[in-house]
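The structure comes first, and the notes follow it.

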Amino acid sequence: MPIKLVLGLVAIAAAVAACALAAPVSPLANVIAFEKLKISDEDYESAAAFDVDNDGRLDIVCGGWWYPGPKFDAKCPVAKVRRDGDYWDDFATIPLDVNGDGFTDFVTGGWFSEVLRWRENPKGDRTKEWPEHVIGKIGNVETVRAWDVDGDGQLEIVPSVPFAGPVRVFKLVTDAAGKGTGKFAEHVIYDGVPGPGLGFGDLNGDGRGDLVVQKGWLEAPAKPLGGGKWTFHPEFDIGDGSIPIIVADVNGDGLADLIVGQGHGYGLAWWEQKKDGDKRTWIKHAIDQANSQYHTMEWVDIDGDGRPELVTGKRRHAHRGGDAGDADPAGVYYFKWTGEGFAKQVIDYGFGPAGKGCGIYFHVVDLWKTGRMDLVAPGKDGLVVYRNLGPAKAK
């Protein structure tokens, strides 16, 4: 049976030097309570929720196993995943019907195997393992993300291979009916080494999505995957950046900003875009300097007020013993923009079983169709679901 614990949330104002256009809102106006459900002690670092068996209910896929919803109390095989020390060679879980058979598969990648791969859903069979299909051997895959790079309404696969070029985008090949064929077309968009950190969004307001890397951004051409040249703008150095780097207009001034975590050290910040004619500059504002290993994050409406919040947490033991703050307590948080700065809301925090991180690839999703967004949080500290209970009630 899952272990349930209702967590109280603490609001901690994070001072951010920014001037918002909208009127400030109280960070305490709609604080959300969560129920902590322990799904498994398995220490895979990536998980996502999707309907594996087409029964209309979301299931959880995490590493070598999947857990049928809505109770998530059964354990069904996915694959025998390679293990290297403290790591599983499985650093993403991107739901996608790759072969067009009507059942959702997923894309992942491995640091140690250097392989980008997809695993084929055995049509929801709870007893069968998921066959592996190699997309390509491309180098040390730290994680993978999916974005609509060319703006055609279909997601492309963008792996993060931080210490080797080129930057690649993999587009699912579809048939005349728009169904996946099981194959991907590879597009090389930048020959340089991207470094740690990867993000996507329209940085210059031209309606096309650009890519963000460690020391600048890649401006998309008119035909992003049609042979046009991407232009590199070396305008900043975000350090040991998160994946993703969030591209969003934080302060409502009409310019896209960046939200960046430090994946292997202390720090979470937003970088404010400024423009003077054709000259673009960036001002870094601290959000949270007290916690480390902010390796992954999502920009999503967690409290139901129609505005996105920053949801993130620690990637526990990202480099076991090798990162600043590695031995600190783990935590999962959301940060609410108040119009003047970010306010930190604690979902979970503590040493050992009392706390939790969110791995390298977590999922924010309405698991039980309640209209509220829940968190599926994997990691070296186990697989946990945080059930969104709505606004916390005063005691």
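## Cysteines

A residue is called buried when its relative accessible area is under 20%, exposed when it is over 50%, and partly exposed in between, using a 1.4 Å probe and protein chains only. Cys76 is buried, with a relative accessible area of 3%, and Cys358 is buried as well, at 1%.

With a disulfide taken as a pair of cysteine sulfur atoms within 2.5 Å, the structure holds zero of them. The sulfur of Cys76 has its closest cysteine sulfur in Cys62, 13 Å away, which is too far for a bond; for the sulfur of Cys358 the closest is likewise in Cys62, at 13 Å, again too far.

## Basis and confidence

This is a predicted model, in which local features need pLDDT of at least 70 and side-chain atom pairs count only at pLDDT 80 or more, while totals for chains, interfaces and linings use all residues. Residues are numbered from 1 along each chain as its sequence is written, and side-chain values use heavy atoms, with hydrogens and water left out.

The protein chain averages a pLDDT (the predictor's confidence in each residue, from 0 to 100) of 92, and 92% of the residues score at least 70. Over residues 1-23, however, pLDDT stays under 50.

## Largest pocket

A pocket is an open set of points on a 1 Å grid over the protein atoms alone, where a 1.4 Å probe fits, with protein on both sides within 12 Å along at least five of seven lines; lining residues have an atom within 4 Å of a point. Of the 19 residues that line the largest pocket, those closest to its centre are Arg145, Ala146, Trp147, Pro244 and Glu298.

Methods
Contact = heavy atoms within 4.5 Å.
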